Amino acid sequence: MNTDFEMEEIDCPICEQSKGDPLHLEGSFQMVRCSSCQFIFLNPRPTAESLHHFYQTYLPEEESSIESWKRMMKPVFHRAANLLKRYGRNGRLLDVGSGFGFFVAEMKKKGWEAAGVEISQKALEYAGNVLGLTVHPGPLGKAGFPDNQFDAVTAFYVIEHLPSPRDFLRECYRILKPGGLLLLRYPHTTPIKNLFHFLGVKNRLYDLPAHLSDFSPKIIQQCLEKIGFEKCQHSIGGYTLPEDLGKRTSSILFGSFAEASFYLSGKKFLFPGVSKTIVAFKAKVS
Ligand SMILES: [Zn+2]
């Protein structure tokens, strides 16, 4: 299974205190839980170089698949755009892992000076050539933006793919203007995985080895606050609409239930196992 990847064994990417205890196997890939900080991550994992090759073919290429991708993400992008509006933001926006560029395009329409960063060459070309957008070659750390550049940085389903999530968050902090907003959208798969495991249902929900980790709301917030982000605010933030009928039905079902329980609890209850959106702000005076 992982013969296509050059693998490496690592210490916990968050606290570096342990190599983790085995938690779940998906094929020959193993998710582990850090015995020190409880972070859940893939170990061993593909090297950064093999991942870079892998991502050149990760996104679909056919026009029909690109269109389904757009439809799948549309409700989440719409909710994120509303969140940015609610916080009264406007100005310069960077979408990291911008894929085909649909969120960048939507924000441009709403009057933002929006650009993307993307490691997939084909997706980057689509965004540039078909949609006429500005997208910088990734990863973010190599794009070399000066300090204090952006009013908002967004990253949809990116952080779980990154070998060094803390470095990524620090870089987001550095390039944001003081008071600037970071919006992250991330999956939280472990509770559903545990339930399926309990029921004896086989599945590949972790999407290994693409996902290198599975953040819980608590750990992601702790990471942000350690870096200096403040006023962290979670929400469910809508749900995706995958093309596959079964996946779409469960996304709507669990997503709607998660939204309803979030609002009924006075915006406190984050339904375990569904994707979440978190916003955080760079301190105004650093
Ligand atoms: Zn740890």
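Let me start with the aromatic pairs, of which this structure has 21, where rings of Phe, Tyr and Trp (its six-membered ring) count as a pair if their centres lie within 6.5 Å, with planes under 30 degrees apart called stacked, over 60 edge-to-face and the rest tilted. Before I go on, please keep in mind that this is a predicted model, in which local features need pLDDT of at least 70 and side-chain atom pairs count only at pLDDT 80 or more, while totals for chains, interfaces and linings use all residues. Residues are numbered from 1 along each chain as its sequence is written, and side-chain values use heavy atoms, with hydrogens and water left out.

One of the pairs is Phe103 with Phe156, edge-to-face, with 4.7 Å from centre to centre and 65 degrees between the planes. Phe103 sits in helix α3 (residues 102-109) and Phe156 in strand β9 (residues 150-156), so this pair links parts of the chain that are 53 residues apart, where helices (H or I, at least four residues) and strands (E, at least two) are DSSP runs, numbered from the N terminus. Both of these residues are buried, and buried means under 20% relative accessible area, with exposed over 50% and partly exposed in between, using a 1.4 Å probe and protein chains only. There is also one aromatic cluster formed by Phe5, Phe29, Phe54, Tyr55 and Tyr58.

Now to the zinc ion. Which residues hold it as protein donors? They are Cys12, Cys15, Cys34 and Cys37, each through its SG atom, lying 2.3 Å from the ion; donors here are N, O and S atoms within 2.8 Å of the metal (3.2 Å for Na, K and Ca), and water is not among the atoms, so sites may look incomplete. The angles subtended by the four donor atoms run from 100 to 115 degrees, which makes the arrangement tetrahedral, a label given to four donors if all angles lie between 85 and 135 degrees. Cys34 counts as buried, because its relative accessibility is 1%.

Finally, the salt bridges, which number twelve in the whole structure, each being a side-chain nitrogen of Lys or Arg within 4 Å of a carboxyl oxygen of Asp or Glu. Among them is Arg166 with Glu16, whose closest N and O atoms are 2.7 Å apart. Arg166 lies in helix α6 (residues 165-175) and Glu16 in the loop between β1 and β2, 150 residues apart. Arg166 is partly exposed, at 24%, and Glu16 is partly exposed as well, at 49%.

Methods: Tetrahedral: all angles 85-135°; square planar, octahedral: opposite > 155°, others 65-115°.
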